[in-house]
Amino acid sequence: MSVLAFAASAAVFSLLLLSRAGGSPPSGPVAVGALLDLTSDAGRQSLTCISMALEDFHAAHAGSGAARVELRVRDSRGEVVAAATAADDLIRTDRVQAIIGPQTSAESEFIAYLGNHTHTPILSLAPTSAASTAFLLQIAPNESFQVAPVAAILDMFTWRTTTVVYEDSPYGARILAALFSVLQGYNIRVMDSIALPVGVTEDYLDKVLYNLKETPTRVFIVHMAPDLAARVFYQATVAGMMSDGYIWIATSSIGSTVESLSIDKVDHMQGVVTFRPYVQATGHIMNFTARLKSRFLLENPGIHNVHNPSTQLLWAYDTAWALAKAVHIARMSSSTPGRMLLGAVLNTTFDGLSGRFRLVNGQLELSTHEVINIVGKGARTVGFWTPESGILKSLETNSVKGLKQVLWPGHLAIAPKGWDVSSNRRPLRIVVPEKQGFNQFVEVTYSPTTNSSTIRGYCIDIFDMVMKNLPYPVAYQYVPVSDSSRNYDNLLSLVHEKKADGMVGDTTITMRRMNVVSFTKPFTDTGLSMVVVVKKETDGGMWIFLQPLTTTLWITSLAFFCFTGFVVWVVEHRINPKFRGTPCQQFGTVFYFAFSTLVFSHKEKLESNLSRFMVIIWLFLVLILTSSYTANLTSVLTVQRLQPTVTSVQDLLRNGDYVGYHNGSIVPYWLEKMGFRKEILLGYSTVEEYADALRRGSGNGGVSAIFDEIPYLKAFLSKYCEGYTMIGPTYRLGGFAFAFPIGSPIVHDVSQAILSPAVQEEMERIEKKWFGDPGACQSKSNSIGSSSLGFSSFGGLFLISGTVSGLVLLIQLAIFVYQEHGKLWDTSLHKWFQCLDFVLGAKDWRLPIFNGPRIRNDDSVNQPHGATGASAMHDFTSEL
């Protein structure tokens, strides 16, 4: 690389001296260089296309007076040093205004270095990922543009893992960053990326392919030059990796040149899916294809078969046309500065053979990729990709999303699942922990007679059921681990080291474990809670009779009793002697009547139909209220006598009680985070030990509470339901899940199966099988701590009774006003006159409407009307 840098620096230095000392070149035709690999068919065909483009342009613009573009050709031989020397010769000797080519990324980057310092535009035909300098124009599209259709194909077939095989060169490596970023957005994991040297040996390539064959991933993305790709596919065919189950996705470097590849190379690419920029087949292109074949055979008599032109050849033709058009429009000459020619090319747009020719930020703008499937002796189009619509079967309006029928490697018409859990077709080795206690989850029993083991349990049934619901069969076998020294982290390390293919058991998801294995979705309840002993309550207190109703309901009931008695008195006191007498007697009668309705012992006979109707409604409310009170009081005096010994974590922390946990679990870590001291934490292994420790209590060598994950507590309560209950808040944990190696494709499918409705229903049945009905013990736990009845339970009844009582009161007042309206009117009129007399201060005047004597403030004056009003008011107040 140092030799190349030295050569480049020397060339630039000599060119700069020449450009500064030589003055302006003579005017005349505009010289343009063509730097191509003339040792390859692609290079020679590109030269033919460039020559045809210049000839066609000059023929179309004959007589216009524009300067002609003369071509200066150099052979790069596909080597960077040779390309640099040839470029130096073109710029220094031939004084070219621009250079078309070269065709490789490495050559283009080196030439761009020269072009940037000599202000010579370089129109590169090589697919690169980014423009290196201002004077480098990329006619081939940006390679990162095709990562989106690659990711869309993988996502459409739900392939979540892949391996990238790329060329170890700037061209091959530059696509990786964009590819990884886009795949991550689709939740697709790149399991590995393999860099292959351009001159990779056959032995090294065999070793790489053998290692890939041992991995579970069967989806491979290939990004490299066509010659290297042909070697890879040949060795993959020899290794048996171009058969059923394998998926090969190649980038546009293959798709754009597949038509020009030899038959023997195409034979080893059967089933490969690749891409190429979409070029619509037109009559102009068909005419050009015939002319190109004819001319190429004429110029190269040793070649007998010429393939249809690839997209790169069409770009080469359009590039030469664009350069000639820029010279024509800008009226340039041999003395025009390179920066002016660069700007003219950037502003040139036209409809070329490959479509609309337009450079955006120095790169050819593309919008559509064609998805092709290599089958037989060539390729067939199976779909298209556009940035707006994604994968489409055609470009017609309202086209269906997806691809047409694809024939995958091995002539398989059905899309493979994209991975294989076992490369050597052996059953998966699933590690099962063997431990003491909680055998409901996993139980391993040995038979001495048959020298075999039987594995059963809740986790085993769940795993078997989930695997049966996968869309494909998976063979597996359980491998119990009997070494008691192995904890769960050691078992998971076996999976991490690929010594086992998975682990099934009561394995809790933790952050640390997620760094070594991949977990499926949890198949159990997630959370940490505690179990405590329940005791009988010996004394309910002297005020226990108030507990059935809330304070609000007591106050509301008392208010309605008083209101109902008052309304009955208003209706009955004028017509019923029972509601008359002295004020004290009437007050006692009202309250005695109201509260005697509690036991339906009221003896006062009601005379009014209004009061009878209202009391009927009220008695119905009293009946419901007293019945509910009686039922809840009975519950308080019986069921509620069972109370937990501990009600919260704060009680345990405040009292310093001993608490228990499950040996080998992560519970001690969480208990210490809650504030429990390590010396008061006691570990147990079986449900029997749980029960014994809780019975003895914290003061007798036991514990006051057992903290554990909810599945374990359910297993404990399924056997010891009486006398124990699960209380307290639930602290979220990971739950139980199945473990597989990191990146294993089966994790995604198993997680989907766990979340399916059919599997969820079956999981409930399995849970009842091993732990009984989870609602049985829960109902007993819920019966502890009966709640008081609140106002909301009787709000409707109070609303009906209050509404009826209010209506009765209004009706009674309306009747009274109607019956006594004459007396009330006289009284009101008299009071109005007195008020008016007081305000006006009248001493001797007479109202026009009043025919009696003068109205004075003197009390001795006769006031016949006033006397009548006062009498009526006296009668009214006496009635009240």
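Predicted model: local features only at pLDDT ≥ 70, side-chain atom pairs only at ≥ 80, totals over all residues.
Residues are numbered from 1 along each chain as its sequence is written, and side-chain values use heavy atoms, with hydrogens and water left out. Local features need pLDDT of at least 70 and side-chain atom pairs count only at pLDDT 80 or more, while totals for chains, interfaces and linings use all residues.

Let us start with the largest pocket, which holds about 1,300 Å³ of space. (On a 1 Å grid over the protein atoms alone, a pocket is an open set of points where a 1.4 Å probe fits, with protein on both sides within 12 Å along at least five of seven lines; lining residues have an atom within 4 Å of a point. The volume is the space filled by probe spheres set on the points, which are joined across faces, edges and corners.) Its lining has 41 residues, and Ala42, Thr104, Ala225, Pro226 and Asp227 are the closest to the centre. Helix 2 (41–60) is among the elements giving two or more residues; with five, helix 2 gives the most. (Helices are DSSP runs of H or I, at least four residues, numbered from the N terminus.)

Now turn to helix 5 (residues 147–156) and helix 6, the latter spanning 170–185 and also contributing to the pocket lining. Helix 5 and helix 6 pack at about 40 degrees, their axes 9 Å apart.

Notes. Axes fitted to C-alpha atoms, helices over the stretch in contact; angles between N-to-C directions.
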